[in-house]
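The sequence and structure come first.

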Amino acid sequence: MPAGANSREGATARRTRIHVVSDVHGNTEALARAGDGADALVCLGDLVLFLDYADHSRGIFPELFGVENADRIVELRTARRYEEARDFGRALWAGLDRDAAIVGAVRHQYAEMFAAFPTPTYATYGNVDIPDLWPEYARPGTTVLDGERAEIGDRVFGFVGGGLRTPMRTPYEISDEEYAAKIEAVGEVDVLCTHIPPDVPELTYDTVARRFERGSRALLDAIRRTRPRYAVFGHVHQPLVRRMRIGATECVNVGHFASTGRPWALEW
């Protein structure tokens, strides 16, 4: 072995690898493998599977009301007939304790998914999540952040969870002002982690649902102003564009993990 080989090898800096997932929607089996080969897992929310638009037999809704009713509500929502969808849903829920039924089903899903998180995991909420339940299931090794920062490796990650208000009225939708305040609280970071994308048409349009999802203007402004190395997000399952640059920032939709089962890798 040439002289000095060991010292050169020892001087080589160890690389850091982070896996990022979003929109898990009940895919516990793949989640349990998502951290393999990584130093940490970052999860950008939407753990809950209420209704699978690709397979109407999966999720809380068809478990309670059957596949035919799931077919109907998907049809109405896809056609943007939101008032009809709400009326149809109200009729199904009549006489039932809606909150108790949903929370019970969500608790069952959370118990399985939080148990599948590797250590360490850094997670924030999606718009279909119920933040009040997370403290019951987040074990040691899982750090939950929302409007907060964490150092992973030698880089600073900022986390902002939830979504903005829409006609869908999912559990964790907040006002534009509240969302902007969380973005402001995070400040300058190396990697900005959010559930929803910045308000850019190419990043917010879902090519299968054929509609624009809500992105954040405050997030877009922060990207332009603070210039993080990366902005990573999910929420839009089949975006028109999965990756684009905004100034100095690489913006990445990390994918619909429920269908792909593959994390996006960030390495440095």
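Glu250 is found in strand 14, which spans residues 249–253. Helices (H or I, at least four residues) and strands (E, at least two) are DSSP runs, numbered from the N terminus. This is a predicted model, in which local features need pLDDT of at least 70, side-chain atom pairs count only at pLDDT 80 or more, and totals for chains, interfaces and linings use all residues. Residues are numbered from 1 along each chain as its sequence is written, and side-chain values use heavy atoms, with hydrogens and water left out.

Buried means under 20% relative accessible area, exposed over 50%, and partly exposed in between (1.4 Å probe, protein chains only). Not counting residues up to four places away in sequence, Glu250 touches Arg229, Tyr230, Ala231, Arg243, Met244 and Arg245; contact means heavy atoms within 4.5 Å. Pro140 is 110 residues from Glu250 along the chain, and their C-alpha atoms are separated by 31 Å.

Val24 lies in the loop between strand 1 (17–21) and helix 2 (28–31). With a relative accessible area of 0%, Val24 is buried. Its contacts, leaving aside neighbours within four places in sequence, are Leu31, Cys43, Gly45, Asp46, Leu47, Met113, Phe257 and Ala258. The C-alpha atoms of Val24 and Tyr179 are separated by 22 Å, and these residues are 155 apart along the chain.

Lys182 is part of helix 8 and is buried, at a relative accessible area of 10%.

**Two helix pairs**

The table lists the packing of two helix pairs. Axes are lines fitted to C-alpha atoms, for helices over the stretch in contact, and angles run from 0 to 180 degrees between N-to-C directions.

| Helix pair | Angle | Axis separation |
|---|---|---|
| Helix 8 (residues 176–186) and helix 10 (residues 217–226) | about 20° | 9 Å |
| Helix 4 (residues 67–78) and helix 5 (residues 82–93) | about 155° | 8 Å |

The angle makes helix 8 roughly parallel to helix 10, while helix 4 is roughly antiparallel to helix 5. Angles under 35 degrees count as roughly parallel, over 145 as roughly antiparallel, 65 to 115 as roughly perpendicular and the rest as oblique.

Helix 8 and helix 10 cross in a right-handed sense. A crossing is left-handed if the near helix is turned anticlockwise from the far one by less than a right angle, and right-handed if clockwise. Ala180, Ile183 and Glu184 of helix 8 make the contact with Ala218, Leu219, Ala222 and Arg225 of helix 10. By class, the contact of helix 8 with helix 10 has 5 nonpolar, no polar and 2 charged residues. Ala, Val, Leu, Ile, Met, Phe, Trp, Tyr, Cys and Pro count as nonpolar, Asp, Glu, Lys and Arg as charged, and the others, Gly among them, as polar.

The crossing of helix 4 and helix 5 is left-handed. On helix 4, Asn69, Arg72, Ile73, Leu76 and Arg77 meet Tyr82, Glu84, Ala85, Phe88 and Leu92 of helix 5. The contact of helix 4 with helix 5 divides into 6 nonpolar, 1 polar and 3 charged residues.

**The protein overall**

The protein has 11 helices and 15 strands. Buried residues make up 51% of its 268 residues.
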